[in-house]
Amino acid sequence: MKHKVKFTASLLLAALLTGCGSGGGGNSATLNDTPNAAVAAQVADIKPTNAQETVSVFVALDSSNSAASGVVSGAGSNAESSDAQRLQSQKNFLAALQSNAAGALSGASTDTCSTSDLSTRISQAHTPNSGNAVRIDLTACELDLLTKLKGVNAVYPDIPMSTQSQSSTTLSKTIAATKMSFNGVTAQPTLGTQTLDGAGQVIAVLDTGVEDRHPALAVTVPGGNKVLPGACFSTASNGGKSFCPNKQSVDTTSATAARSCVETWTGTRAQAIQAGCAHGTGMASAASMRYTSSDNVAIKGVAPGAQILPVQVFNQSSTSSGQALSASAGDLLAGIEWVTAQAQKRRAAGQAPIVAMNMSLGGGSYSAACDSDYVGGLFKTAFANLRNQGVLPLVATGNSGTKNAISFPACVSNAVSVSAAKPNYAGLASYANFSSQAKVVAIGGDVDGSGRYALPVLCTTSGSYDCWQEVAGTSPATALVSGGVAALYSAKTGATLADVESALTTDIAATSATNSTALHLIVNDGNQNITRPALRLTASAYKLLGQSEPATASTPTPTPAPTPMSDTPMSLAQICIFSKPNYTGSKACAVQVYGTIPRVYSDLGSSNDLFYRFSGKVGSIQMTDLITTQNLVGDKATVTLYTSLRSSSSGSGSVNASSADTSTLTGTSNPTIRMIRIQTTTTMATN
C-alpha cells in the first residue's frame, strides 16, 4: 500500500526551528564557496529595491539538496522514493534559508538579513509535489542569499493573475446562452434514458470563492448540497491579506474556507464586489446553477444536477492608492494539487467524482505553449496528475483582445483553453484572447452592443443574497464548458476523460455529419485562419455515444438575434505593457471600458479605476481602442506604474497619452514594476 508523506506548514516550521535554530551565524555547510552566477543574474532581474518588500518566487532545487538524512534508499516504489526525496530537498532548503539568513553574507544587499518575519513566510511557503521547488516570499537580502545556498538551481518570479470577466436584468439572455451551449433549442436534453444535467458529477471552481447562500446555489441535488465544503489557498504579501477565514495562507478544514472573499475583505463590501469577489459565485452558477425567478421562470446553468467544489485562490494586495485582488501561480498550483488529492479520495471512496476543474483566471501573454517555462512546466505536471484522476482542466484564454496569444495557465499544452464568442456564436468576442492553442469556444457575450448575459453575484447589502449582474468574458465562457464536461459524463456511463475531451474538442461541424447541430468558428490570427469547435453539447453527446444526431434534434426553430441592450455600444480601451521601448519585447494587455456608457450599465459608475498585479520591466505602453485599433487620445486612459506593493510606496510615474516610451517615468535603470493602476474616463449617457 502506498502512503503519502505530508508536512503541514506548522509541523514543517517546527521541525526547521527545532533542528536548525532560528538565529545564529548561519551554516557554512549549506553555502557554496562562490555565488552561483546564473542564480545571481536571475536575482538581479527580480529583486525589489525596497529592503522591506518581498517578492513571490519559485526556487528550483536540485537533487543534491535531498542528500541529508531522512530518505531510506530502496524503500517503497520508485515514485514513493522520489516523493520522499523531493520533500526532503524542500525541507532542507527551508532549513538552510532559516539558518543562514541571520548570518553575515558577503555580497548580500545588507550585512545581515532580518529574520523578523521569515519564520512566518517559511510557514506559508508552498512545497508542491509537481516539482522539486519551493514557492516563497523573499526580501532582496534573502534573494541574494539564494546565490550562495547549495542546492538552488534557479529562481523564477511567481505569475500574478486576475479574473477574466468584464463587469431589472435580462435573464432571457442567460437562458439563451445555455440553450446555445446545447443545440440552440433545448438545454439538458434527454438522450435515450440519460438526461444531460451533470447529476452525480462534481466541478471544482478555483476562483474568488463561492457564495453558497445565493438561491441559485443554495439547493440540493443528487448527492447532497449543491456547494460542497472547499478550501482556501491565499498567501498574503507585503502588507496584503489572506482571504482564508483562519487567517493563515491555507485552510482546508473550516466550513467557510471557500466562501466568497467578500467575507474577509478589508474595506467595504462594495469595494470587495468592485474588485471582483463576486466572480467565483458567477462562474459556479454558469456551470451549475438552478434557480426559479419571482415570475416562476426556471434559470439553469449548463449542468444543474452537478455539485460545486469551491477553492478560493485569490488574495488582497495593499497599494498606495487602494486595494487590489489578485491570484498567484503558487496559490493556484497548491489549489490544483489539493483538488487532485480530493479527486483521488472521492473515487477511492465511491463518491461522486470530480470531472472538471474551472479556472476562469489568468495573466501574461503567451504566443506559444509555455511548458518550457519553469512555472509552466510545474503546471503541466500538475495538470497531468489531475488528468490521471479523471479531472479535465478548463482554463480561460484571457480578455486582452489578442488574436495570436493567450494567458497563463491556458498556455500550458495539456490544459483545455477556452475562448469566448458573441451571443449566437456570431463571431469571436471583441475582448477574447485567441490563438492556435485555444481548444474550444463558448459564449462569453460582448460589450459592443450584441449583449451580455446575467449571472448571480454578491449583494452590496450584507444579509441579502439574490443579486444578479450582466457579465461578459472568457471567464463565463470557460464556466459553460466546465458545466458541459459534467453534462457529457451524464450521457454515457463509464465514459473516460479521453472520450469526453474528444467529444468536446473535435470539430464535428467540419465532418458535415447528417443532422448535426455542431458549429465552429473561423478566426484569423493575423497570419492564418484557424477553425475551432463551438460548445454544442448535444452534438458532442451523440459523438460520445457513437450515434448520429436525429433529425428532430437538428431542426431548431430560428433564434432571433439578441436585442441590443442599448443603441450606444460600449467602447473598450486596450492597454498593452511592453518590456522594452518601441513596443517590443514581452507583452501583457488589459481591457477596460471607457467613453460613453449606456444608462443600462449605470451600475458601473462614472469611472473605471482598477489595480493589476504585475511583475516585470516596463519599456513602453500602448493604448488603443480594442474595436477600431486606433490610438486613444487625450485623457481617455491613464496608466500609473508602481515599483512597490507597499501602502507607503508612491507611483514611479504615469502616462495618459495614446502611447509612450516609459524611460522618462522609470529612469534609465528600468526598475521592476510591481503594480499597475489603469484609470479610464467614462461618461454616463443621458438616455
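**Helix packing and disulfides in the predicted model**

Helices H11 and H13 lie oblique to each other, as their axes meet at an angle of about 40°. This arrangement comes from a predicted model. Two packed helices are described by the angle between their axes and the distance between the axes. For the pair considered here, H11 spanning residues 474–491 and H13 spanning residues 537–545, the axes are 9 Å apart. The crossing of H11 and H13 is right-handed. On the H11 side, Gly 484, Leu 488 and Ala 491 make the contact, and they meet Leu 537, Ser 540, Ala 541, Leu 544 and Leu 545 of H13. Sorted by class, the contact of H11 with H13 comprises six nonpolar and two polar residues, with no charged residues.

Turning to the covalent links, the structure holds four disulfides, and three of them are described below.

The link of Cys 261 and Cys 277 is left-handed, with -120° about the S-S bond. Both Cys 261 and Cys 277 are buried.

Another disulfide connects Cys 370 with Cys 411, whose sulfur atoms are 2.2 Å apart. Here Cys 370 belongs to the loop between strand E19 (361–366) and helix H10 (374–388), and Cys 411 to the loop between strand E21 (406–408) and strand E22 (416–421), so the pair ties together parts that are 41 residues apart in sequence. The torsion about the S-S bond of Cys 370 and Cys 411 is about 85°, so this disulfide is right-handed. Cys 370 has a relative accessible area of 1% and is therefore buried; Cys 411, with a relative accessible area of 1%, is buried too.

A further disulfide joins Cys 459 to Cys 467, with 2.1 Å from S to S. The link of Cys 459 and Cys 467 is right-handed, with 115° about the S-S bond. Cys 459 has a relative accessible area of 3% and so counts as buried, whereas Cys 467, with a relative accessible area of 24%, is partly exposed.

Key. Residues are numbered from 1 along each chain as its sequence is written. This is a predicted model: local features need pLDDT of at least 70, side-chain atom pairs count only at pLDDT 80 or more; totals for chains, interfaces and linings use all residues. Side-chain values use heavy atoms; hydrogens and water are left out. A disulfide is a pair of cysteine sulfur atoms within 2.5 Å. Buried means under 20% relative accessible area, exposed over 50%, partly exposed in between (1.4 Å probe, protein chains only). Helices (H or I, at least four residues) and strands (E, at least two) are DSSP runs, numbered from the N terminus. Axes are lines fitted to C-alpha atoms, for helices over the stretch in contact, and angles run from 0 to 180 degrees between N-to-C directions. Angles under 35 degrees count as roughly parallel, over 145 as roughly antiparallel, 65 to 115 as roughly perpendicular and the rest as oblique. A crossing is left-handed if the near helix is turned anticlockwise from the far one by less than a right angle, and right-handed if clockwise. Contact means heavy atoms within 4.5 Å. Ala, Val, Leu, Ile, Met, Phe, Trp, Tyr, Cys and Pro count as nonpolar, Asp, Glu, Lys and Arg as charged, and the others, Gly among them, as polar.
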